[in-house]
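Here is a friendly walk through one protein model. Please have the sequence and the 3D view open as you read.

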Amino acid sequence: MPNPAIVRLYDSTIPSGNAYKVHLALSHLGLQVNVTDLDILATPSETRSPEFLAKNANGRIPVAELQDGACLPESNAILLYLLDGTPYVPQDLLARARMLSWMFFEQYSHERFIAVLKFWTYWGGLHNKRPEEIEQWRTQGQAALEVMEKHLRTQAFFSGDRYGAADIALFAYTQSAADIGYDT
């Protein structure tokens, strides 16, 4: 049974892969929540307001607000909260750890390069970045995609023997990686 205690999702007025993951999980579960879109491109960003920083001191979206008023930041933490106890999260300890390993990979080796390049490409400012910085995003992002491709040659999913939380996490930015020049 899913954890339906999320009553509000703080999202962005511009598309966010991290928020997209949460929307995708909610959709798979057939759940709807109230959404508050924040302008992250405003000066200052709406995620830097005292009210929002009280919900997430890191000042980033997405943030899930629970029925009891508690707030849960970080997209993959929200995914685990939503999907735990459902078929999207393996119950076997090793399978669950492997799923989490892919979710950590997504944040450390995948999202930090592909999402950053996507942001600067779509929302402006790429011309202000150093060429070696852009090259690192391209090289490291492509390397992450190649690790994923190698895995998918032998297994159909990242979450064990079925589609699940790690697949949702990795899909969010991979789906648009070709649009910014990655070989997918």
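## A residue with positive phi

Glu 74 sits in the loop between β4 and α3. Although Glu 74 is not a glycine, its phi is positive, at about 80°. Is this residue buried, exposed or partly exposed? Glu 74 has 40% relative accessibility, so it counts as partly exposed (buried means under 20% relative accessible area, exposed over 50% and partly exposed in between, with a 1.4 Å probe and protein chains only).

A word on the source: this is a predicted model, in which local features need pLDDT of at least 70 and side-chain atom pairs count only at pLDDT 80 or more, while totals for chains, interfaces and linings use all residues. Residues are numbered from 1 along each chain as its sequence is written, and side-chain values use heavy atoms, with hydrogens and water left out. The helices (H or I, at least four residues) and strands (E, at least two) are DSSP runs, numbered from the N terminus.

## Two cis prolines

Which peptide bond next to Pro 44 is cis? The cis bond runs from Thr 43 to Pro 44, with omega near -5°. Pro 44 belongs to the loop between β2 and α2 (50–55).

Another cis peptide bond leads from Ile 61 to Pro 62, and its omega is near 0°. Here the proline, Pro 62, is found in the loop between α2 and β3.

## The sheet

Four strands form an open sheet in the order β2-β1-β3-β4, and their pairing is mixed (two strands pair if DSSP finds at least two bridges between them). β2 and β4 (71–73) are the edge strands; each has a single partner strand, so one side of each lacks a neighbour in the sheet. On average, neighbouring strands are turned by 20° against each other, direction ignored (axes are lines fitted to C-alpha atoms, for helices over the stretch in contact, and angles run from 0 to 180 degrees between N-to-C directions). α3 packs on this sheet and touches β1, β3 and β4, and its direction makes about 125° with that of β4 (contact means heavy atoms within 4.5 Å).

Now look at β1 (residues 6–12), where five of the seven residues are buried. With β3 (residues 63–66), β1 pairs in the antiparallel sense over four bridges, and Leu 9 stands opposite Ala 64 of β3. With β2 (residues 34–38), β1 runs parallel and is joined by five bridges. In β2, Thr 36 is the bridge partner of Tyr 10, and Leu 38 stands opposite Ser 12.

## Helices α1 and α6

Among the buried ones are Ala 165, Asp 167, Leu 170 and Ala 172. The cover over the buried residues of α6 includes α1, α3 (75–83), α4 (93–123) and α5 (131–152).
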